Amino acid sequence: MLDPSSPTCQDAIARMRRFASGGSAGDIEAIRINPKYVFAHRNLAAALRASGDLDGAIAAYQESIRLDPNFPTAHRNLASALRARGDLGAAIAAFKEAIK
């Protein structure tokens with residue numbers, strides 16, 4: 001039996017809703033259901049970045065890192081968003097975290 005609160009199920013739901021809505025609504029719903037669902041925060045960050053919302057993307061990347069600090073791709077994506085915003089010092093620090 002499927003557990004709707006399981007990360008696998010939540011990821012599938014978020015992907016289906018994102019596909020159906022053409023955006024990040026599924027990730028927002030997954031975060032509402034389980035605020036600690038790190039993959040939804042990462043997906044939301046990517047969607048926000050793609051839409052041009054750098055500040056929102058940075059906040060979502062930071063939350064995903066808070067939840068799972070050992071995922072280097074999140075640090076790299078955060079660094080990229082910080083660099084795009086012009087915050088080079090913070091971008092360098094985030095890149096350094098990515099390669100630890």
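## A walk along the helices

Start by selecting α3 and α4: α3 crosses α4 in a left-handed sense (left-handed means that the near helix is turned anticlockwise from the far one by less than a right angle; clockwise would be right-handed). Before going on, note that this is a predicted model, in which local features need pLDDT of at least 70, side-chain atom pairs count only at pLDDT 80 or more, and totals for chains, interfaces and linings use all residues. Residues are numbered from 1 along each chain as its sequence is written, and side-chain values use heavy atoms, with hydrogens and water left out.

**Stop 1: α3 and α4.** Helix α4 covers residues 54-67, and its axis comes within 8 Å of that of α3, crossing at roughly 160° (axes are lines fitted to C-alpha atoms over the stretch in contact, and angles run from 0 to 180 degrees between N-to-C directions). The two helices are therefore roughly antiparallel, a label for angles over 145 degrees. Now show side chains: V38, H41, R42, A45, A46, L48 and R49 of α3 meet L54, G56, A57, A60, Y61, E63, S64 and L67 of α4, where contact means heavy atoms within 4.5 Å. By type, the contact residues divide into nine nonpolar, three polar and three charged (Ala, Val, Leu, Ile, Met, Phe, Trp, Tyr, Cys and Pro count as nonpolar, Asp, Glu, Lys and Arg as charged, and the others, Gly among them, as polar).

**Stop 2: α2 and α3.** Next, select residues 25-33 for α2 and 38-50 for α3; their axes are 9 Å apart and the packing angle is about 150°. α2 and α3 are therefore also roughly antiparallel to each other, and their crossing is left-handed. Look for D27, I28, A30 and I31 on α2, which make the contact with A40, H41, N43 and L44 on α3. These residues comprise five nonpolar, two polar and one charged.

Stop 3: Y37 is buried, at 3% relative accessible area, while F39 is partly exposed at 42% (buried means under 20%, exposed over 50%, partly exposed in between, with a 1.4 Å probe and protein chains only).

**Last stop: the whole chain.** Zoom out to see six helices and zero strands (DSSP runs: H or I of at least four residues for helices, E of at least two for strands). Of the 100 residues, 34% count as buried.

Methods:
Parallel < 35°, antiparallel > 145°, perpendicular 65-115°, else oblique.
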